[in-house]
Amino acid sequence: MADKIEHLLEDLETFPPSDDFTSSSPVPADLMARAEEDRLGFWADQARELHWSTPFTEVLDWSDAPFAKWFGDGTLNASYNCVDRHVLAGNGDRVAIYWEGEPGDKRTITYSDLLGEVKRAANLLESLGVAAGDVVAIYMPMIPETVVAMLACARIGAVHSVIFGGFSADSIRSRVEDANAKLVITSDGSIRKGRIFPLKETVDAALEADGHTVEHVLVVRRADNEVSLTPGRDLWWDEEIAQVGDEHVAKPFPAEHPLFILYTSGTTGKPKGLLHTTGGYLTQTSFTHRTIFDLKPEQDVYWCSADVGWVTGHSYFVYGPLANGSTQVMYEGTHDTPDLGRWFDIIQRYGVTIFYTAPTAIRGYMKSGRQIPAKYDLSSIRLLGSVGEPINPEAWAWYREVIGGNRVPVVDTWWQTETGAIMISAIPSQVALKPGAAQVPVPGVVVEVVDDQGERVNPGEMGLLTITEPWPSMARGIYGDRERFIETYWSQFPGRYFAGDGAGVDKDGHLWLLGRVDDVMNVSGHRLSTTEIESALVDHPFVAESAVVGASDETTGQAVVAFVVLKESKKAEIEASDAPQVLRSHVSTKIGAIARPRQVYVVAELPKTRSGKIMRRLLRDVADGKAVGDTTTLTDASVMSAISAGVASGT
Ligand code: ATP
Ligand code: MG
């Protein structure tokens, strides 16, 4: 295969951990070695960090592959592990959540407070007839009751299906129907950008037509907007919870008892409802959370900016951090309300030490300029993380320098809704970091980058990322569709999981994620990675963000077409030059003439999913002059009309 990524063979600058960081790290130095020596024994040890009501004797049962059973004969309760356990260990006074509402209202919730609320909510769900195995849909803003609702479901063995609070009535309807949800938990409204979004009204619209299985809708008061309650069906959360008892004993469930259903973000097409179970999921989310984030639960203030509607919110806001007894920040609103300094203000006020966000946010701040974070004291930060998309080396460097004060490790973490937890990431106390690379599989995870025939690729070549051994937090299927799970993930390379992402291996054997395979371009017989060209563009001082697609081309098969968002701070220089021309040559110099974009379009914004990922398939339609495909998972569909109009008029 001729598709080389030359820089992967060069000596790139690396950032080793400081002696201080390594010597004060709580992460055992021999983790990698232990996992390599005895993979299953290693995972069993990690699982034993949890509280088991019945200890397991069997680690992995792969006889019904690809449907794994981990720790199958053990029993545990996820909610007990996330809350009761810490209170019983004497840490009830530790803050679990510093919550901040967008208007500035605040709540501090200790582990004891959280336990009280979760117990009452569990009693409430049971009083409404919700039992183990029933599905509860949660359509909520980022408020503490959302976490309470999730943990209350887990406590009684009900399966939650969290639906991102920005989704439409149709999305709620299809998810409620797909899983036969019995109960919906929502709020009157949510507050974002100073406006009220009527969540309850959206749920009403979703449930308007008959033919669903929802018996009750519980409504949490948040925005105080007016709502109408359907008698017999709808109930106020606060009124009901006042009537139930505050004692509740968490019963153990089998390790393979379903914990939740969650739909993928829909970057490539229709979302898939992935099913996750209890023991393995909790093992790997808590293990990766404490290891990759170097967690010191007594000292750290951790903040993951992801919404609970995405898998990152499930694994690295709810289950991983709470299972580890962390203190964390929960913020309700948007990053730019009242102004672009909001996140940094939060970091400064709570003394956030570990911050986990997405490249889209970092590139957004690169666009608006470093003078915004520079106004705040961010010296409490000791570790930064990134997830969701490849982080371009330039964005990595900016994040480390501007937010991390040029001193802290930045870990890039690769994983998916399907994998449940982080799969590829350096352990920052042990591995020298490389800007732009996720680097190494987590201990106990085994991956291989292969070509179309399933043969392992050589260093410097581009291939497909596969996972060759089962892992504890892997999805146990697509809800209600056994065949689709096998077909989607396990049929391309029998016996292996194929993630849909391209990757390269560098000369040290480290992994570089190169974007989705669906997005890979083929120009005159050469396969080119979108990530590589996008990184070359972002490397230029004019560019804050870019998206590259392959458009049909009569001579070369496909041609590279780039869409760029330019930095506001470079306005004068940009106006004095022919930016598209400058950028075409820049790519040519950085990667080679083969990668030079046929066109570079300057746009105000890129089309993104609601979780902030670039939707290249829509841009491909524009570049091909075709009608733009399905835009329902976009945050803002008007971005696409503006781009189409701009491209059609030749600007
Ligand atoms: P859909 O599967 O419906 O198209 P999605 O893949 O965007 O949606 P998620 O499960 O939220 O839904 O995202 C996982 C994907 O995000 C990965 O497959 C990968 O393409 C991308 N990704 C996540 N983290 C990283 C990372 N650190 N580096 C590169 N890509 C990443
Ligand atoms: Mg995906």
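A residue counts as buried when its relative accessible area is under 20%. In this predicted model, D134 has a relative accessible area of 18%, so D134 is buried. The side chain of D134 meets that of K182 in a salt bridge, with N and O 3.0 Å apart. This pair ties together distant parts of the chain, 48 residues apart: D134 sits in the loop between α5 and β6, while K182 lies in the loop between α7 and β8.

Altogether, the structure holds 41 salt bridges. Another one joins R616 and E534, whose closest N and O atoms are 2.8 Å apart. Here too, distant parts of the chain are linked, since R616 belongs to helix α20 and E534 to helix α17, 82 residues apart. R616 is buried, at 8% relative accessibility, and E534 is buried as well, at 4%. Salt bridges with shared partners also connect D11, K434, D506, K507 and D508 into one network. In the salt bridge between R456 and E448, the closest N and O atoms are 2.9 Å apart. R456 counts as exposed at 61% relative accessibility, whereas E448 is buried at 15%.

Turning to the helices, the axes of α3 (residues 39–47) and α10 (residues 279–292) come within 9 Å and cross at roughly 85 degrees, which means that α3 is roughly perpendicular to α10. F42, W43, Q46 and A47 of α3 make the contact with T283, Q284, F287 and R290 of α10. Of these contact residues, 4 are nonpolar, 3 polar and 1 charged. Helix α8 (residues 199–207) is mostly covered, with 7 of its 9 residues buried; among them are L199, V203 and D204.

How values were computed
Residues numbered from 1 in each chain as written. Chains lettered and ligands numbered in written order. Predicted model: local features only at pLDDT ≥ 70, side-chain atom pairs only at ≥ 80, totals over all residues. Heavy atoms only, no water. Axes fitted to C-alpha atoms, helices over the stretch in contact; angles between N-to-C directions. Helix = DSSP H or I, 4+ residues; strand = E, 2+ residues; numbered from the N terminus. Parallel < 35°, antiparallel > 145°, perpendicular 65-115°, else oblique. Contact = heavy atoms within 4.5 Å. Nonpolar A, V, L, I, M, F, W, Y, C, P; charged D, E, K, R; others polar. Buried < 20%, exposed > 50% of the residue type's maximum accessible area, 1.4 Å probe, protein only. Salt bridge = Lys/Arg side-chain N within 4 Å of Asp/Glu carboxyl O.
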